[in-house]
Amino acid sequence: MQDVDIKTADGVMDAKLFQPEGSGPWPAVIMIPDAFGIRPVFEDMARRLSKSGYVVLMPNVFYRDGHTSKLDLQGSFADEAFRKRLYGLIGALTPERLKLDAGAELDFLSRQPSVKGPKAGVAGYCFSGGIAVRMGADFPDRIGAVASSHGGRLATDSPDSPHRLVNKVKGELYFGHADQDNSMPADAIHTLEAALKDAGVKYRSELYPGAQHGYSVAGSAAFNAEVAETHWKRLEDLFGRTLKA
């Protein structure tokens, strides 16, 4: 793991870069953590994906509010003050800022001698599932695959809801949903899948019975080891087909 800094129009984004052992080069994947940010469990996840043959970049999407080492995002949604703070950080990530940051991340990867291929993959978790979809829509010629695991609020009434963007995506998409997830209830899943079908994109959307929001993150109350392993199989299949071929 290597600490890296990525210059953007709004400052310097800190990030973690993971590379497989060997000579490379390898395809790249951007892995975006959930709302609790970069931390050891997500570093372990990036390390695992990297060992499958990918350069993995993990950006601090909240860099405008502070370096990862200073953000201190440990807390509980049951704590109102902490919850408001997280929602404030997420709310500050406007579509314009997200596009700017995604472009900087992709430019950074394109300059790495260890990275091969014109297209990268992106994996989002919880709130960042929507960020992953948006990245695929904003950079359709540079994103070859989009994965969202227990992504929340992917289909809302908002004019910039992620489901309204899928017709701009050229890469393949994967969505793993928990059936016990208030941020992505059955009607929202239906709306998302209808939009995917209308767009004519290649996708897979599946519901995990008995799973809760956050099923893939070890150490969380929602962690489901069996479903998490299925999630890993889906990622490896998706990125293997789209980035390694």
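The buried residues of helix α6 pack against strands β7 (172-180) and β8 (203-212). Buried means under 20% relative accessible area, exposed over 50%, and partly exposed in between, with a 1.4 Å probe and protein chains only. Helices (H or I, at least four residues) and strands (E, at least two) are DSSP runs, numbered from the N terminus. This is a predicted model, in which local features need pLDDT of at least 70 and side-chain atom pairs count only at pLDDT 80 or more, while totals for chains, interfaces and linings use all residues. Residues are numbered from 1 along each chain as its sequence is written, and side-chain values use heavy atoms, with hydrogens and water left out.

**Helix α6**

- Helix α6 covers residues 186-199, which is 14 residues, and reaches 20 Å from its first C-alpha to its last, close to the 20 Å expected at 1.5 Å a residue. The expected span of a helix is 1.5 Å times one less than its number of residues.
- Ala 188, Ile 189, Leu 192, Ala 195 and Leu 196 are buried in α6. They cover an arc of only 125° around the axis, so they lie on the same side of α6. The arc is that of the directions from the helix axis to the C-beta atoms.
- Ala 186, Asp 187, His 190, Lys 197 and Asp 198 are exposed on the other side of α6.

**Helix α4**

- The 16 residues of α4 should span 22 Å at 1.5 Å a residue, and the end C-alpha atoms of α4 are 22 Å apart, which agrees.
- Among the buried residues of α4 are Leu 98, Asp 101, Ala 102, Glu 105 and Phe 108.

**Cavities**

- Rolling a probe the size of a water molecule over the atoms shows where empty space is left.
- On a 1 Å grid over the protein atoms alone, a cavity is a set of points where a 1.4 Å probe fits but cannot get out, and a pocket is an open set with protein on both sides within 12 Å along at least five of seven lines; lining residues have an atom within 4 Å of a point. Grid points are joined across faces, edges and corners, and a volume is the space filled by probe spheres set on the points.
- The whole structure holds three cavities of 30 Å³ or more, and the largest cavity contains about 100 Å³ of space.
- The largest cavity has 13 lining residues, of which Leu 98, Asp 101, Ala 102, Ile 131 and Met 135 lie nearest its centre.
- Helices α4 (95-110) and α5 (128-138) each supply at least two residues of this lining, and α4 gives the most, with five residues.
- The lining of the largest cavity has eight nonpolar, no polar and five charged residues. Ala, Val, Leu, Ile, Met, Phe, Trp, Tyr, Cys and Pro count as nonpolar, Asp, Glu, Lys and Arg as charged, and the others, Gly among them, as polar.

- The largest pocket holds about 1200 Å³ of space. Its lining has 38 residues, and those nearest its centre are Ile 90, Cys 126, Phe 127, Gly 152 and Arg 153.
- Helices α3 (80-91), α4 and α5 are the elements that give two or more residues to the lining of the largest pocket, and the largest share, four residues, comes from α3.
- The lining of the largest pocket divides into 17 nonpolar, 14 polar and seven charged residues.
- The second largest pocket has a volume of about 250 Å³, and Phe 36, Ile 38, Arg 39, Leu 73 and Gln 74 lie nearest its centre among 13 lining residues.
- Helix α2 (residues 68-71) gives the largest share of the lining of the second largest pocket, three residues.
- This second lining has five nonpolar, six polar and two charged residues.

**Backbone details in loops**

- The peptide bond from Gly 24 to Pro 25 is cis, with omega near 0°, and Pro 25 lies in the loop between β2 (11-18) and β3 (28-32).
- Asp 72, in the loop between α2 and α3, has a positive phi near 50° and is not a glycine. Asp 72 is exposed, with a relative accessible area of 53%.
- Arg 153, in the loop between β6 (143-149) and β7, has a positive phi of about 55° although it is not a glycine. Arg 153 counts as exposed at 58% relative accessibility.

**Ala 46**

- Ala 46 is in helix α1 (residues 40-51) and is buried, with a relative accessible area of 0%.
- Leaving aside neighbours within four places in sequence, Ala 46 is in contact (heavy atoms within 4.5 Å) with Phe 18, Met 31, Val 56 and Met 58.
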